[in-house]
Amino acid sequence: LTLGALAQRLLALASLEPLPVAVAPVVDAGGVHQRERIATIAEWACASGVPGDLLELGVYSGETTVMLAAVASRYGRRVVAIDDWKPGTEYRLAEEIRPVFYNRIAGYRGIVDAMELDGTSEQFRSAIVGRTLAFAFVDASKGHEENLAYLRAVMPWCLGPVAVDDAYSVDVLRACDQAARAAPPWVHLRH
């Protein structure tokens, strides 16, 4: 991160409107309305004039992607949607869920850049290097090292909020704390 880029990030953050009070109390309310809250925060970033696109890392079936795409379409932005669709203990095989994602985003294909990449890979980093982001949502919870790699890859390019799912996990919290300390002026809020 260059001094110029840091100064640009500080100026962008200093010029933002405060998060609406009605939104702030529900941010830590659990997963019941998570997609709506994520879309609200992304909309706040766009409405506040934060430049850039919206990133979702870990899209699974695309339910949040569709909500982010609706926000992006209202503000002339794009959504970068990334998942490796690898099978895990709670997920169906990629052959079953990937088509669900593409069917779900069909109405937004013109503004969603869907990429099948591992969030810790060099290909992922190359795909976002230099791309200005107004908002990022990391929902690809794995272990500490993976989450730290996701955040380190995303934070230099994101001028607005970075939301991270699974904040109940010690590994995720450690990764957020380490990434925030390494990239001031980031502030990590948790309940």
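**Reading a helix pair**

Tutor: In this predicted model, helix α2 (residues 34–47) packs against α3 at an angle of about 20 degrees, and the two axes lie 9 Å apart.

Student: How is that angle read: are α2 and α3 roughly parallel or roughly antiparallel?

Tutor: Angles under 35 degrees count as roughly parallel, and those over 145 as roughly antiparallel. α2 and α3 are therefore roughly parallel to each other.

Student: Which hand does the crossing of α2 and α3 have?

Tutor: The crossing of α2 past α3 is right-handed.

Student: Which residues of α2 and α3 meet?

Tutor: From α2 come Arg35, Glu36, Ile38, Ala39, Ala42, Glu43, Cys46 and Ala47. Their counterparts in α3 are Glu63, Thr64, Met67, Leu68, Val71, Arg74 and Tyr75. Sorted by class, this contact of α2 with α3 has nine nonpolar residues, five charged and one polar.

Student: Which residues of α3 are buried?

Tutor: Burial is a matter of relative accessible area, with under 20% as the cut-off. In α3, which spans residues 63–75, the buried residues are Thr64, Thr65, Leu68, Ala69, Ala70, Val71 and Ala72.

Student: What follows α3?

Tutor: Gly76 follows α3, and its phi is positive, near 65 degrees.

Student: Cys46 was named in the contact. Is Cys46 buried or exposed?

Tutor: The same cut-off of under 20% applies. Cys46 has 4% relative accessibility, so Cys46 counts as buried. Cys158, at 0% relative accessibility, also counts as buried.

Student: How many disulfides does the structure hold?

Tutor: Sulfur atoms of two cysteines must lie within 2.5 Å to count as a disulfide. The structure holds zero disulfides.

Methods: Residues are numbered from 1 along each chain as its sequence is written. This is a predicted model: local features need pLDDT of at least 70, side-chain atom pairs count only at pLDDT 80 or more; totals for chains, interfaces and linings use all residues. Side-chain values use heavy atoms; hydrogens and water are left out. Buried means under 20% relative accessible area, exposed over 50%, partly exposed in between (1.4 Å probe, protein chains only). Helices (H or I, at least four residues) and strands (E, at least two) are DSSP runs, numbered from the N terminus. Axes are lines fitted to C-alpha atoms, for helices over the stretch in contact, and angles run from 0 to 180 degrees between N-to-C directions. Angles under 35 degrees count as roughly parallel, over 145 as roughly antiparallel, 65 to 115 as roughly perpendicular and the rest as oblique. A crossing is left-handed if the near helix is turned anticlockwise from the far one by less than a right angle, and right-handed if clockwise. Contact means heavy atoms within 4.5 Å. Ala, Val, Leu, Ile, Met, Phe, Trp, Tyr, Cys and Pro count as nonpolar, Asp, Glu, Lys and Arg as charged, and the others, Gly among them, as polar.
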